[in-house]
Amino acid sequence: MTRQNGISIEEMLDLEIMNKCKLIAGFRGIRNTVSRVNIAADPDIFDWVQPGEFLLTTAYFFKKDDIEGQKRWIREASQKHLSGIGIKISPYLDCLPQEVLNYADELNFPIVDIHYSLPLSDVMIEILKEIFNKQASLLERIEKVHEEFIEVILEGKSIREVVEIVSGYIKNPVVLALNLSNKTFNQLNNVSDDIKEELLKDVKRFYTARDSKSRNKKLYEDKVIINGKFVDRMVMPIIVKDDVYGHLFTWSVNAPLGGFDLSIIDSAATIISLSVLQELNIREVEIRHRSEFFEDLISIDLKRRRKALEKAPIFDLALGNYCVVEVLSLKLRFEEKNEKREAYLINRVKDHINAAVSIIEEIMNYLNLKGIISTRLNGIQILIQFEDKEIIKNKLDDFNNRIISTLETKFPHMDIRIGVGRVYEGLEKANKSFSDAVRAIRTGKKLTNKKIITFDELGIFKILAQDTLANELEDFYKATLKKLEDYDNKKSTELLKTLEAYFMFNGNLSKISEHLYTHYNTVLYRINRIEEITGMRLDNPNDRLNLEIALKIRQLL
């Protein structure tokens with residue numbers, strides 16, 4: 001897209017010197033911006049022209065060319081993004097061929113008939129004077145806009161007022177979409193309701209498109225269809241700490257978008273970035289204080305826990321309510337194991353933590369849940385309080401499903417899991433719920449693909465997953481199933497798989513045979529081999545329990 005400061009063809013024709021001149025073709029290009037003026041003294045002028053120039057010439061060149069040559073000249077001028085051409089037709093020709101004028105109309109490329117009495121140099125000087133005056137005026141306007149933006153900063157006004165200022169100056173609709181707060185600020189009062197709806201849909205399409213343009217750190221410009229017409233669109237990224245935190249959108253629905261508009265949008269993006277940076281810093285401080293409080297609350301040090309309980313009212317937490325802690329894990333997916341890449345991805349997750357916290361806070365507010373959110377490494381901890389125990393399960397299910405759904409939409413390349421601790425009465429027991437949540441998410445990752453894992457559904461793994469039992473569990477496994485695993489590896493047999501099926505079907509050999517697609521007698525033979533290798537009998541209740549527990553330990557190991 002060509003962006004220039006200057007005057008439009010329409011404004012140029014209003015100049016006194018142009019009184020006797022008239023537009024004879026390309027009427028739809030009357031709003032094209034004239035940023036410079038050049039005189040064609042050479043048929044090869046197109047090697048030196050620049051976009052936005054208005055080219056002055058005589059029909060002398062046209063007189064020498066046939067109609068196809070004239071059309072080719074018009075086409076090349078249009079392809080060079082000239083704003084238009086002024087041709088002194090008389091005395092060289094009576095008129096331009098209608099076919100040439102029709103072709104210029106098709107290209108929306110303006111052709112102005114310059115009156116034969118006017119020297120081209122005089123026309124050039126007068127147009128350049130007007131361009132200079134217009135640009136001086138634009139500089140004054142830009143300075144005024146900058147002053148308004150500075151006033152917004154100094155008086156601590158909201159981002160919404162920045163959007164209003166932008167829309168007021170460029171006379172076009174403006175939408176600001178911020179990832180940090182997941183909010184959208186619209187200034188669409190200058191368009192009809194049906195166009196409003198289309199513009200908001202266009203913003204959604206921008207973010208749902210499969211290409212990477214929404215992560216681009218440069219101005220994005222293109223044409224989109226709004227209300228059945230092609231309009232220019234500018235999308236300016238809001239960049240903070242070398243990352244994109246949102247975009248400022250505007251469309252040429254009411255007026256063309258030019259260099260002046262870009263200057264305003266660019267300045268506004270800078271102001272918005274400063275505001276986002278300030279909000280980020282505030283949030284980081286808030287999150288750090290909450291995280292320090294939470295670390296004290298779950299500490300094994302009694303003094304730290306008492307200190308945290310004394311501070312609880314500051315965070316709007318009640319000492320006697322029911323509480324539950326959840327641990328949320330964020331991990332970017334990658335195909336190949338690579339230490340450098342893994343470290344990079346961990347850092348990228350950290351960049352998304354604040355955005356995820358903002359989303360979770362919004363969900364908590366929407367569901368009217370009380371609690372705090374803290375962060376640790378590439379994870380998030382959520383403490384929620386309830387007055388009524390009966391509503392906890394339904395509320396948590398709704399809350400967690402919304403988190404998974406929203407974050408997966410926001411971060412499609414990220415694996416998200418939630419570990420849910422048990423519910424305890426009294427804030428002083430939050431450390432127990434936290435410990436449960438950690439075990440739930442660690443153990444759940446090994447046992448299931450479920451995204452939400454509660455401690456209560458772990459069954460016997462509640463006991464087996466305790467860190468203090470790690471050595472004992474390994475010793476127990478070696479004493480029970482290790483020989484069987486070694487035998488399978490050495491002989492390429494499936495005794496472990498058969499043993500798992502044995503417990504799955506409660507020892508029903510027919511069902512085991514059907515499940516393994518193996519003959520009944522083969523299953524019976526395998527059962528005998530299992531007993532021989534392990535030295536345990538499956539008809540002995542204690543041996544059978546030990547083998548079943550050993551299989552569960554194997555899942556953990």
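## Helices over the sheet

Contact here means heavy atoms within 4.5 Å. In this predicted model, helix 3 (residues 67-79) lies across strand 5 (53-58), strand 6 (84-88) and strand 7, and runs at about 140 degrees to strand 6. Helix 5 lies across strand 4, strand 5 and strand 6, at about 170 degrees to strand 4.

The sheet itself is open and has five strands, ordered 2-7-6-5-4 with mixed pairing. Strand 2 (22-25) and strand 4 (36-39) sit at the edges, each pairing on one side only. From one strand to the next, the twist averages 30 degrees. Strand 2 and strand 7 (residues 111-113) run antiparallel and are joined by three bridges; across that pairing, Leu23 stands opposite Val112.

## Two nonpolar cores

The largest nonpolar core has 33 residues, and Phe149, Leu176, Leu248 and Ile272 touch the most other members. Among the elements giving two or more residues to this core are helix 5 (120-154), strand 8 (174-178), strand 12 (243-251) and helix 8 (259-297). Helix 8 supplies the largest share, 10 residues.

What does Leu248 contact, leaving aside neighbours within four places in sequence? Its partners are Val174, Val175, Leu176, Met234, Val235, Met236, Ile238, Ile265, Ala268 and Ile272. Another core lies apart from the largest one; it has 32 residues, including Ala355, Ile359, Leu396 and Phe411.

## A serine in helix 12

Ser433 belongs to helix 12 (residues 430-447). Is this serine buried or exposed? Ser433 has 0% relative accessibility, so it counts as buried. Not counting residues up to four places away in sequence, Ser433 touches Cys323, Val324, Val325, Gly421, Arg422 and Tyr424.

Conventions
Residues numbered from 1 in each chain as written. Predicted model: local features only at pLDDT ≥ 70, side-chain atom pairs only at ≥ 80, totals over all residues. Heavy atoms only, no water. Core = buried A, V, L, I, M, F, W, Y, C linked by side-chain atoms within 4.5 Å. Buried < 20%, exposed > 50% of the residue type's maximum accessible area, 1.4 Å probe, protein only. Helix = DSSP H or I, 4+ residues; strand = E, 2+ residues; numbered from the N terminus. Pairing = 2+ DSSP bridges. Axes fitted to C-alpha atoms, helices over the stretch in contact; angles between N-to-C directions.
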